[in-house]
Amino acid sequence: NISIETAKGGLRKGTDQSGKAWEVKMSHDYGHILGTEAPDGEPLDVFLGEIKPGQNMYVIDQVNPGNGEFDEHKVMLGFDSAQSARESYLSNYEPGWKGLGNITSMSIENFKKWAFDKSQTRKPFNLPEKEEPTEPTVSTEGITKPTIDITRKEFAVLDVTKSLKSA
C-alpha cells in the first residue's frame with residue numbers, strides 16, 4: 001500500500017540541515033510505501049510515474065549533498081528506464097541538487113523481498129561497481145578460482161555519481 005503525501009503539482013516544503021527553508025512544486029505524486037522502514041524509521045519514500053505491468057523498480061540511494069554519505073532511499077515506481085527515473089527524481093528537487101546517488105534497477109518481485117526486509121532498507125545497496133569475475137590468480141599450490149560474490153547478482157546498479165562529476 002502507498003500513502004500519497006504530496007500529489008503531482010502540489011508544493012512540498014521543508015527546512016534543510018543548515019536551517020534554509022525550501023519549497024518545490026512536485027512533478028510526480030510522492031508518498032510512502034506502508035509496511036516498510038527507511039533509515040529514518042519512516043516508511044520508504046516513493047515517487048510515482050505511469051505504472052505499467054512488467055516494469056522494473058528503481059531505487060535511488062540518496063546521499064547527503066554536504067558530505068556525499070548515504071541518507072535514505074527514494075523508490076521510483078512507474079518509470080521506463082534508469083535514465084527516466086534519474087530525470088524524474090531530479091525534476092522534484094531544486095536545480096543543482098547534489099543528493100542523487102546510485103540507482104539500482106530490480107524486478108517487482110525482488111523489490112518486494114528487499115523493501116520488506118528492514119535489515120536491508122536501513123543501508124545503501126552498496127553494490128560493487130562491476131559484477132564481473134576477477135582474473136584467476138596463481139598460488140604455490142596451483143591455480144585458484146576467483147571468488148565471486150553473487151549475493152545480489154539479480155540487481156543491476158547504475159553509478160550516476162561518476163557521470164555527474166565528469167559532466
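Modeller: Helices (H or I, at least four residues) and strands (E, at least two) are DSSP runs, numbered from the N terminus. This is a predicted model in which local features need pLDDT of at least 70, side-chain atom pairs count only at pLDDT 80 or more, and totals for chains, interfaces and linings use all residues. Residues are numbered from 1 along each chain as its sequence is written, and side-chain values use heavy atoms, with hydrogens and water left out.

Biologist: In which helix is the place of Thr121?

Modeller: The protein chain has 4 helices and 11 strands. Thr121 belongs to the helix that covers residues 118–121, namely helix α3.

Biologist: Is Thr121 buried or exposed?

Modeller: A residue is buried under 20% relative accessible area, exposed over 50% and partly exposed in between (1.4 Å probe, protein chains only). The relative accessible area of Thr121 is 0%, so Thr121 is buried.

Biologist: Which residues is Thr121 in contact with, leaving aside its neighbours within four places in sequence?

Modeller: Contact means heavy atoms within 4.5 Å. With those neighbours left aside, the residues in contact with Thr121 are Glu37, Ala38, Pro39, Leu44, His73, Trp114 and Ala115.

Biologist: How is the aromatic pair of Tyr30 and Phe47 classed: stacked, edge-to-face or tilted?

Modeller: Rings of Phe, Tyr and Trp (its six-membered ring) pair if their centres lie within 6.5 Å; planes under 30 degrees apart count as stacked, over 60 as edge-to-face and the rest as tilted. The structure holds 7 aromatic pairs. In the pair of Tyr30 and Phe47, the distance is 4.9 Å centre to centre and the angle between the planes is 50°, a geometry classed as tilted.

Biologist: How many residues apart in sequence are the parts that this pair ties together?

Modeller: Tyr30 is buried at a relative accessible area of 1%, and Phe47 is buried at 0%. Tyr30 lies in strand β4 (residues 29–33) and Phe47 in strand β5 (residues 44–48), so the parts tied together are apart in sequence by 17 residues.

Biologist: Why is the pair of Phe47 and Tyr93 edge-to-face?

Modeller: Tyr93 is buried, with a relative accessible area of 14%. The ring centres of Phe47 and Tyr93 are 6.3 Å apart, and the pair is edge-to-face because the planes stand at 65°.

Biologist: Which residues do ring pairs link into a cluster?

Modeller: Phe47 in strand β5 and Tyr93 in the loop between α1 (82–91) and β8 (103–106) are 46 residues apart, and their pair links distant parts of the chain. The cluster linked by ring pairs consists of Tyr30, Phe47, Tyr89, Tyr93 and Trp97.
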